[in-house]
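I opened the notebook to go through one protein model, point by point. These entries record what I looked up.

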Amino acid sequence: MLECLWQVWPVCAEHRLGMHPGLEDGQAVWRCAGGSDEREPGHIRAPVGKLEESYRSRRERRKRRKENMQNKQNQRG
C-alpha cells in the first residue's frame, strides 16, 4: 500500500503518525510511537481487527463535543 499510494496506513488520529503492529499481553495491537515530545508518549491505539471501532468512538466524542459547544453558545446568545 505504501509503495502504491505513497502514504502510511494506519495512521494515529491523535498524532498523525503511521502506526506499527505490536504484541501486548499476547494480543496483536496497533501501536503509535507518540508525538515528538515526552508529554505525548507512545500508546496502543487498538487491537488488530478493532481499529475502526477506535476511530468511530473518537468521531462520536468529537461530534458530542461540538454539539456541547454549540449549545453553550446558544445559551449565551
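**Entry 1: cysteines.** I began with a definition: a disulfide is a pair of cysteine sulfur atoms within 2.5 Å. In general, such a link is a covalent bond between the sulfur atoms of two cysteines. The model I am reading is a predicted one. How many disulfides does the structure hold? I found zero.

**Entry 2: overall layout.** I listed the elements next. The protein has two helices and three strands. Along the sequence they follow the pattern α-β-β-β-α. The chain part of my list includes helix H1 at 2-5 and strand S1 at 20-24, strand S2 at 27-32, and strand S3 at 43-47.

**Entry 3: the sheet.** In general, strands of a sheet pair through backbone hydrogen bonds, either parallel or antiparallel. Which of the two applies here? The three strands make an open sheet in the order S1-S2-S3, and the pairing is antiparallel. S1 and S3 are the edge strands, since each pairs on one side only. I noted that neighbouring strands are turned against each other by 50° on average, with direction ignored. For S1 and S2 I looked up the bridges and found five, with the strands running antiparallel. Leu23 stands opposite Ala28, which is in S2.

**Entry 4: a salt bridge.** How many salt bridges are there? The count comes to one. It joins the side chains of Arg31 and Glu24, with 2.9 Å from N to O. I checked how open both residues are. Arg31 is partly exposed at 30% relative accessibility, and Glu24 is partly exposed at 31%.

**Entry 5: backbone exceptions.** I kept one general rule in view: most residues other than glycine have a negative phi, and most peptide bonds are trans. Which peptide bond did I find to be cis? The bond from Trp9 to Pro10 is cis, with omega near -5°. Pro10 sits in the loop between H1 and S1. Arg16 lies in the loop between H1 and S1 too. Its phi is near 60°, which is positive, and Arg16 is not a glycine. Arg16 counts as exposed, at 61% relative accessibility. Asp25 also has a positive phi, about 55°, without being a glycine. I located Asp25 in the loop between S1 and S2. Its relative accessible area is 80%, so Asp25 is exposed.

**Entry 6: totals.** The protein exposes about 6600 Å², of which carbon and sulfur atoms supply 49%. Last, I looked at contacts between residues at least 6 apart in sequence; 21% of these join residues at least 24 apart.

Methods
Residues are numbered from 1 along each chain as its sequence is written. This is a predicted model: local features need pLDDT of at least 70, side-chain atom pairs count only at pLDDT 80 or more; totals for chains, interfaces and linings use all residues. Side-chain values use heavy atoms; hydrogens and water are left out. Helices (H or I, at least four residues) and strands (E, at least two) are DSSP runs, numbered from the N terminus. Buried means under 20% relative accessible area, exposed over 50%, partly exposed in between (1.4 Å probe, protein chains only). A salt bridge is a side-chain nitrogen of Lys or Arg within 4 Å of a carboxyl oxygen of Asp or Glu. Contact means heavy atoms within 4.5 Å. Accessible areas come from the Shrake-Rupley method with a 1.4 Å probe; for residues, only the protein chains shown count as cover. Two strands pair if DSSP finds at least two bridges between them. Axes are lines fitted to C-alpha atoms, for helices over the stretch in contact, and angles run from 0 to 180 degrees between N-to-C directions.
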